[in-house]
Amino acid sequence: MLVAAGLAADAIVHWRFAPDMAPGGGAAPGTIAGDDLFRAQAVVAAAAGLLVLCWARRWTYAVAFLVAASAVGALLLYYFVDPGQIGPIPKMHDPAWYGEKTISLVGEGIAALAALVGFFTVRRAPERHSAQPPAASPV
């Protein structure tokens with residue numbers, strides 16, 4: 001539940017802020033629009049949260065961890081550093097801190113930690129046995 005809740009917070013904040021990230025007239029050619037990146041993050045976070053809710057498996061926890069941890073990394077990178085444009089990713093440095101950014105960071109952080117715990121503690125599904133009865137042992 002913590003993974004899904006954290007990713008839901010991440011998805012909601014990114015979806016709400018997507019229109020604010022629309023590129024202006026001076027956007028560099030060949031870059032992905034910031035609003036598209038934010039919407040994509042929202043959709044991926046929501047999908048990862050649903051995967052964990054529907055199928056609590058190691059691979060779904062791994063996906064959720066990658067989504068949440070990469071979001072934490074991006075948020076902190078763009079807060080503390082101005083790396084400029086990175087390939088097709090536009091310049092997104094934002095040194096301001098506000099409530100929604102805190103909600104996103106806390107949600108992503110909780111989701112990442114809970115997904116990591118889930119990855120190492122979820123039990124594997126029992127192996128399915130074939131429909132054939134076991135071979136008779138010699139008496």
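Of the chain's 139 residues, 29% count as buried (under 20% relative accessible area; exposed is over 50%, partly exposed in between; 1.4 Å probe, protein chains only). This is a predicted model: local features need pLDDT of at least 70, side-chain atom pairs count only at pLDDT 80 or more, and totals for chains, interfaces and linings use all residues. Residues are numbered from 1 along each chain as its sequence is written, and side-chain values use heavy atoms, with hydrogens and water left out.

View 1. Along the sequence the pattern is α-α-α-α. Helices (H or I, at least four residues) and strands (E, at least two) are DSSP runs, numbered from the N terminus.

**View 2. The largest pocket holds about 530 Å³ of space.** Of its 20 lining residues, His14, Phe38, Ala74, Leu75 and Met92 are the closest to the centre. Helices H1 (2-17), H2 (34-54), H3 and H4 (99-121) each supply at least two lining residues. H3 gives the largest share, 5 residues. The lining divides into 12 nonpolar, 4 polar and 4 charged residues. Here Ala, Val, Leu, Ile, Met, Phe, Trp, Tyr, Cys and Pro count as nonpolar, Asp, Glu, Lys and Arg as charged, and the others, Gly among them, as polar. A pocket is an open set of points on a 1 Å grid over the protein atoms alone, where a 1.4 Å probe fits, with protein on both sides within 12 Å along at least five of seven lines; lining residues have an atom within 4 Å of a point.

**View 3. The second largest pocket holds about 170 Å³ of space.** It has 14 lining residues. Pro23, Ala27, Thr31, Pro90 and Lys91 lie nearest its centre. The lining comprises 9 nonpolar, 4 polar and 1 charged.

**View 4. Asp35 and Arg39 form a salt bridge** (a side-chain nitrogen of Lys or Arg within 4 Å of a carboxyl oxygen of Asp or Glu). Their closest N and O atoms are 3.3 Å apart. The two residues are 4 apart in helix H2, so about one helical turn separates them. Asp35 is buried, at 14% relative accessible area. Arg39 is partly exposed, at 28%.

**View 5. Lys101 and Asp94 meet in a salt bridge.** The N to O distance is 3.4 Å. Lys101 is buried, at 8% relative accessible area. Asp94 is partly exposed, at 25%. The whole structure has 3 salt bridges.

Methods: Points joined across faces, edges and corners; volume = space filled by probe spheres on them.
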